[in-house]
Structures are given as C-alpha cells and as structure tokens.
Amino acid sequence: VRLMTPDQTLAGRKVLITAGGTLERIDPVRFITNDSSGKMGYAAAQAAQEMGAEVTLVSANVSLPAPRGVKLVPVVSTRDMYEAVMERLDAQDLIIKAAAVADYRPAAQSAQKIKKSEEQMTLVLEKTEDILAEIGRRKKGQFVIGFAAETEHLEEHAMKKVRSKGCDLIAANDVSQQGIGFGADHNELYIFDQNGLVKKIPRSSKLEAARELLRLAAERMNAKGN
Ligand code: CTP
Ligand code: CA
C-alpha cells in the first residue's frame, strides 16, 4: 500500500494554535468555564502538522490526545494562555485562535472554600485579556485567524470582530445549529476577511474543515509574500 503524499504547503512554517476553553477559578473547589471540547483546534493542529508546519498547540482544559508531532503547551486560565501566546508570538508565521476564551473571571479568587450564608450571593467578575485583539496590535507580518461562535447575526458580528481585532481572517460558525460547533465532530464555517465573506466551508468533519481553512491561509500567506 502506498500512502498518498500529503499537501506540503505549510512546509517550514511555524504555526501556533490555541484550543479548548479557558477556566477561571472562584475558590479551590469551584470554577467557571465553557463548553469547548478543543476538537476544532486539535483538528487544525493535526492538519497543519500534516501540511509540513512546525506546530505549537496551546491547549486549555482539553481531554484529547495531542496530535503526533505537535508541541503541546498546556494552560488553564485566560491569563496563562495570554502569557503562553505572547511569549511565542514573534517566532510564528501563522496564528489560529480556535480557543473559547473566558470573557470574564472572578475579580477576586478566594484562597479558602467559600462558605454559604445568605439566600443570594453575587459574584463580581472582571474582563479578561482579549488575546486575539492583543495579537492584532502586536503582530509583525504574522497571518492571524480568529474564530467566532455566534447564535445570531453571524455576518454582522463576524465582520465586527475581524475589523476590531485586526485579524486576516475570521472563521465563524453558527453554534445554534445541531451537530456543528461546540463539542460536535463536524463544523460549517463562514470565512470573512476585512472586506466580507471569502468562502463558505460546507458541513464537514472538523479535520476536513481545518484543511480547507489552512489551504486558504497558505494561499494568502504566499500571495502576501510572507
Ligand atoms: N478571544 C480572545 N480573548 C478573549 C476573547 C476572545 O483571544 N478574551 C478570541 C477567541 O479565541 C476567538 C475570537 O476572539 O478567536 C472571537 O471570540 P468570541 O468569543 O466569538 O468573541 P468576543 O470578542 O469574545 O465577543 P463576544 O463573546 O461578545 O461575541
Ligand atoms: Ca467571547
């Protein structure tokens, strides 16, 4: 049996991918997180590695095996992910922010388990770092892809994000649909650049969707000459 020669369009490229959902502690036994499974980011890491890239996978709270040949950097909180990404930013050619990052974290973390008392309690939250927006501000020629999970007004929200965060592409999915997005094995992606919709990747496995997205990124990186 002869194996098919895989497409090597990312040979020699350094690719950093974030995956999973960040987790914010309330106290030693409680936390806030989200439904991200990490499947989309892990699929992107596998696809990039197979296309010849040197891949770093910054992974938050995922219970999947790391794809072969990929450098895994485990993180827990948004601040951890922010630091892991910023440390490695300058060395990258392509950054893919598939992680579902917590938008808020508890303003104070209790060192001890919080005891129950009143009938109602209020948890004060503060905004986290916007990692993607900071990448957009600091990047020096890197190609940057963000993700957007939307339940309504997909195009409007995705266009706002691609512009405000300074990314080259945003891959948006409609998470209100069954069978795609959070936790699912399939995805359907609408890819936007600063000018609007570029491509629709029809419902396919997350690995196939990741390959399509990476082919588009590679084409654009080559065209840009970086
Ligand atoms: N993102 C990030 N840091 C954050 C929040 C989001 O890097 N603190 C990144 C995500 O990894 C994703 C993109 O920004 O690539 C869009 O995330 P999303 O949650 O869809 O958008 P937000 O800007 O957080 O806006 P909202 O949740 O209000 O829709
Ligand atoms: Ca968000």
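**Exercise 1: Lys161 and its surroundings**

Lys161 lies in helix H4. Find out whether Lys161 is buried, partly exposed or exposed, and which side chain it meets in a polar contact.

*Solution.* Before we start, note that this is a predicted model. Its mean pLDDT is 95, and 97% of the residues reach 70 or more.

Step 1. The relative accessible area of Lys161 is 25%. Buried means under 20% and exposed means over 50%, so Lys161 counts as partly exposed.

Step 2. Leaving aside neighbours within four places in sequence, list the contacts of Lys161: Ala148, Ala149, Glu150, Gly166, Cys167 and Ile170.

Step 3. Among these contacts is Glu150, and a polar contact of 2.5 Å joins the side chains of Lys161 and Glu150.

**Exercise 2: An annotated set of residues**

Which residues does the UniProt annotation "binding site" cover, and which of these does the lining of the largest pocket include?

*Solution.* Step 1. The unreviewed UniProt entry gives Asp103, Lys113, Phe147, Lys161 and Lys165. They are spread over 63 residues of sequence and also in space, with up to 37.5 Å between C-alpha atoms.

Step 1. Of these, the lining of the largest pocket includes Asp103, Phe147, Lys161 and Lys165.

Step 2. Now take a closer look at Phe147, which is in strand S9 (residues 143–150). Phe147 has 17% relative accessibility, so it counts as buried. Apart from residues up to four places away in sequence, Phe147 touches several others, including Met40, Ile96, Leu189 and Leu213.

**Exercise 3: Salt bridges across the chain**

Which residue forms a salt bridge with Lys165, and which with Lys224? Where in the chain do the partners sit?

*Solution.* Step 1. Recall that side chains of opposite charge can pair when their charged atoms come close. The model has 21 salt bridges.

Step 1. Lys165 pairs with Asp130, at 2.7 Å from N to O. Lys165 is in the loop between helix H4 and strand S10, while Asp130 is in the loop between strand S8 and helix H3; the two are 35 residues apart.

Step 2. Lys224 pairs with Asp168, at 3.5 Å from N to O. Lys224 lies in helix H5 and Asp168 in the loop between H4 and S10, so this pair ties together parts that are 56 residues apart in sequence.

Step 3. Finally, check accessibility: Lys224, at 45%, is partly exposed, whereas Asp168, at 15%, is buried.

Notes: Residues are numbered from 1 along each chain as its sequence is written. Chains are lettered from A and ligands numbered from 1 in the order in which they are written. This is a predicted model: local features need pLDDT of at least 70, side-chain atom pairs count only at pLDDT 80 or more; totals for chains, interfaces and linings use all residues. Side-chain values use heavy atoms; hydrogens and water are left out. pLDDT is the predictor's confidence in each residue, from 0 to 100. A salt bridge is a side-chain nitrogen of Lys or Arg within 4 Å of a carboxyl oxygen of Asp or Glu. Helices (H or I, at least four residues) and strands (E, at least two) are DSSP runs, numbered from the N terminus. Buried means under 20% relative accessible area, exposed over 50%, partly exposed in between (1.4 Å probe, protein chains only). UniProt positions are given in the numbering used here, feature names are shortened, and annotations may be inferred rather than shown by experiment. On a 1 Å grid over the protein atoms alone, a cavity is a set of points where a 1.4 Å probe fits but cannot get out, and a pocket is an open set with protein on both sides within 12 Å along at least five of seven lines; lining residues have an atom within 4 Å of a point. Contact means heavy atoms within 4.5 Å. A polar contact is a pair of N or O atoms within 3.5 Å; within protein, one must be able to donate a hydrogen and the other to accept it, and residues adjacent in sequence count only if both atoms are side-chain atoms.
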